[in-house]
Structure formats: structure tokens, C-alpha cells
Amino acid sequence: MAEATTAAPAEKAKPARKPVTPWAVVVTIVAWLVPGGGHFLLQRWIRGALLLVSVAVMFVLGILMQGKVYSPNTGDILDMLGFVGDLGAGLFYIVTRMMDWGRGSINLATADYGTKYIVVAGLLNVIAAVDAYHIAIGEKQ
Amino acid sequence: MSLELSHFSAALIFAFFTSIVFGITQRNTPREQVRYGIECFVFFMIGLTIAGWLMWLLRR
């Protein structure tokens with residue numbers, strides 16, 4: 001009886017990771033500081049503009065809704081996570097802290113929406129910065 | 001200056017802009033990006049409607 005061939009399936013060749021370049025690092029930092037800025041550097045004008053508008057509108061609406069902007073803290077874990085999320089908005093967060101906006105309001109029912117808008121704007125900007133990085137190293141079109 | 005949106009309009013604006021960013025960042029070609037952005041928006045709205053009705057039922 002013929003022996004069945006039991007050769008192990010050939011391992012799938014993993015695509016080589018693209019090397020990190022100084023340009024990609026610059027693009028990522030700019031993308032974090034200015035929403036859509038990384039895409040502008042990479043000449044993805046429409047994507048950059050849409051990202052800028054989306055993050056900026058959400059952040060500004062959050063402030064206008066009397067949302068709370070978190071400061072660096074070592075208190076409640078949710079406060080710390082809120083700070084990390086807010087920080088993702090880059091210059092928007094820095095300017096807001098400098099101007100002492102975003103103190104939050106317990107009088108408005110929708111102030112909590114504002115707080116979430118601000119955090120999510122920051123998190124979306126982080127996603128956008130990672131996207132700019134992937135474009136800069138050539139992993140994405 | 002203060003802005004007071006209704007719960008629905010706040011959720012609608014949230015879904016709209018979040019879908020734009022998801023569409024741009026999670027897909028490669030412009031066509032796929034538009035499609036995925038619309039999908040995200042539709043799912044946000046479906047989830048919003050279901051959550052709204054669930055809360056209405058819980059309140060009764």
C-alpha cells in the first residue's frame with residue numbers, strides 16, 4: 001500500500017514589516033498634534049481635510065456642550081483613561097488646557113455627551129495618526 | 001457660550017463624524033472607504049434605535 005504523503009503544509013510566508021523611517025515618525029507626531037496634519041504631509045488632502053473637520057467639530061462641540069477636559073491625575077482609573085483619550089487630540093487639548101476651558105458642568109444634562117465627544121475626538125485622532133504612519137511606511141495606500 | 005443638543009441629535013452627530021474617521025482609516029481605496037463609512041453610520045443608527053427602545057422599555 002502506498003504511503004500517504006504527510007508533508008507538513010508549507011508555512012505561509014509572512015510579509016516583511018516595513019522599516020520605521022524618521023519621516024514616518026515626523027508624520028505621526030504631526031498627525032497627533034494637528035488632526036489630519038499627517039495626511040496633509042503625505043499629500044492626502046481630502047482625507048486630511050475630512051479628518052481635521054471630524055476631529056475638530058467633535059472636540060469643539062464637546063467643549064460647547066460644557067464637557068469636561070481631564071487633566072493629568074493619579075486618581076480614579078476612568079479619570080486617567082479620560083486624560084489619555086483627551087491627550088490624543090494634540091494641539092486642541094493643549095490649547096484647551098492653556099485657556100482653562102472644559103471645566104464641565106453638572107447643570108447641563110448634555111454635558112456628559114460633551115465629555116464623551118472630547119474623549120472620542122482624541123481617540124479618533126490617535127487612529128488617524130496611526131493611519132498616517134501606515135501610509136508613511138508604505139503599508140497602506 | 002453653551003450648546004444644548006437633544007440626545008438624538010448628539011448621537012447622530014457623533015455617529016456621523018466617527019463613521020467618517022472609521023471609513024478613512026480602516027479601508028484602503030476611496031470606494032471601500034465610502035462604503036465602510038456608510039456601513040458604520042447605518043450600524044450606529046441601528047444600535048442607537050435599539051438602545052433607545054430598550055431604555056424606553058426599561059423605564060416602563
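Tutor: Start with B:Arg27, which lies over the face of B:Tyr36, 4.0 Å from the ring centre. Keep in mind that this is a predicted model.

Student: Where is B:Tyr36, then?

Tutor: B:Tyr36 is in helix α2 of chain B.

Student: What does B:Tyr36 touch, leaving aside its neighbours within four places in sequence?

Tutor: B:Phe22, B:Gly23, B:Gln26 and B:Arg27.

Student: Ok, on to rings. How many aromatic pairs are there over all chains?

Tutor: There are eight aromatic pairs over all chains. Take B:Phe14 and B:Phe44: their ring centres are 6.2 Å apart and their planes stand at 90°, so this pair is edge-to-face.

Student: Which helices do B:Phe14 and B:Phe44 come from?

Tutor: B:Phe14 is in helix α1 of chain B, residues 7–26, and B:Phe44 is in helix α2 of chain B, residues 30–59. The two are 30 residues apart in sequence, so the pair ties together separate parts of the chain.

Student: What about B:Phe16 and B:Phe41?

Tutor: They form an edge-to-face aromatic pair, with 6.4 Å from centre to centre and 90° between the planes. This pair links distant parts of the chain, with B:Phe16 in helix α1 of chain B and B:Phe41 in helix α2 of chain B, 25 residues apart. B:Phe16 is partly exposed at 41% relative accessible area, and B:Phe41 is partly exposed at 26%.

Student: Going back to B:Phe14, which rings are in its cluster?

Tutor: Ring pairs link B:Phe14 with B:Phe44 and A:Tyr117. That cluster includes residues from chain A and chain B.

Student: So how do the helices sit there? What is the angle between α6 of chain A and α1(B)?

Tutor: Their axes cross at roughly 5° and come within 10 Å. Helix α6 of chain A covers residues 111–136. Angles under 35 degrees count as roughly parallel, so α6(A) is roughly parallel to α1(B).

Student: Which residues meet there?

Tutor: On the α6(A) side they are A:Tyr113, A:Tyr117, A:Val120, A:Leu124, A:Ile127, A:Ala128 and A:Asp131. On the α1(B) side they include B:His7, B:Ala10, B:Ile13, B:Phe14, B:Val21, B:Phe22 and B:Ile24.

Student: How do the residues of that contact divide by type?

Tutor: The contact of α6(A) with α1(B) has 13 nonpolar residues, five polar and one charged.

Student: Staying in helix α6 of chain A, is A:Thr115 buried or exposed?

Tutor: A:Thr115 is buried, at 7% relative accessibility. Not counting residues up to four places away in sequence, A:Thr115 touches A:Gly67, A:Lys68 and A:Tyr70.

Student: New topic: A:Gly37. Where is A:Gly37, and what does it touch?

Tutor: A:Gly37 is in helix α2 of chain A, residues 37–41. Its contacts are A:Val30 and A:Ala31, leaving aside neighbours within four places in sequence. A:Gly37 is buried, with a relative accessible area of 6%. Its C-alpha is separated by 28 Å from that of A:Asp79, 42 residues away along the chain.

How values were computed
Residues are numbered from 1 along each chain as its sequence is written. Chains are lettered from A and ligands numbered from 1 in the order in which they are written. This is a predicted model: local features need pLDDT of at least 70, side-chain atom pairs count only at pLDDT 80 or more; totals for chains, interfaces and linings use all residues. Side-chain values use heavy atoms; hydrogens and water are left out. Rings of Phe, Tyr and Trp (its six-membered ring) pair if their centres lie within 6.5 Å; planes under 30 degrees apart count as stacked, over 60 as edge-to-face and the rest as tilted. Helices (H or I, at least four residues) and strands (E, at least two) are DSSP runs, numbered from the N terminus. Buried means under 20% relative accessible area, exposed over 50%, partly exposed in between (1.4 Å probe, protein chains only). A charge sits over a ring if NZ of Lys or CZ of Arg is within 6 Å of the ring centre and within 35 degrees of the ring normal. Axes are lines fitted to C-alpha atoms, for helices over the stretch in contact, and angles run from 0 to 180 degrees between N-to-C directions. Angles under 35 degrees count as roughly parallel, over 145 as roughly antiparallel, 65 to 115 as roughly perpendicular and the rest as oblique. Contact means heavy atoms within 4.5 Å. Ala, Val, Leu, Ile, Met, Phe, Trp, Tyr, Cys and Pro count as nonpolar, Asp, Glu, Lys and Arg as charged, and the others, Gly among them, as polar.
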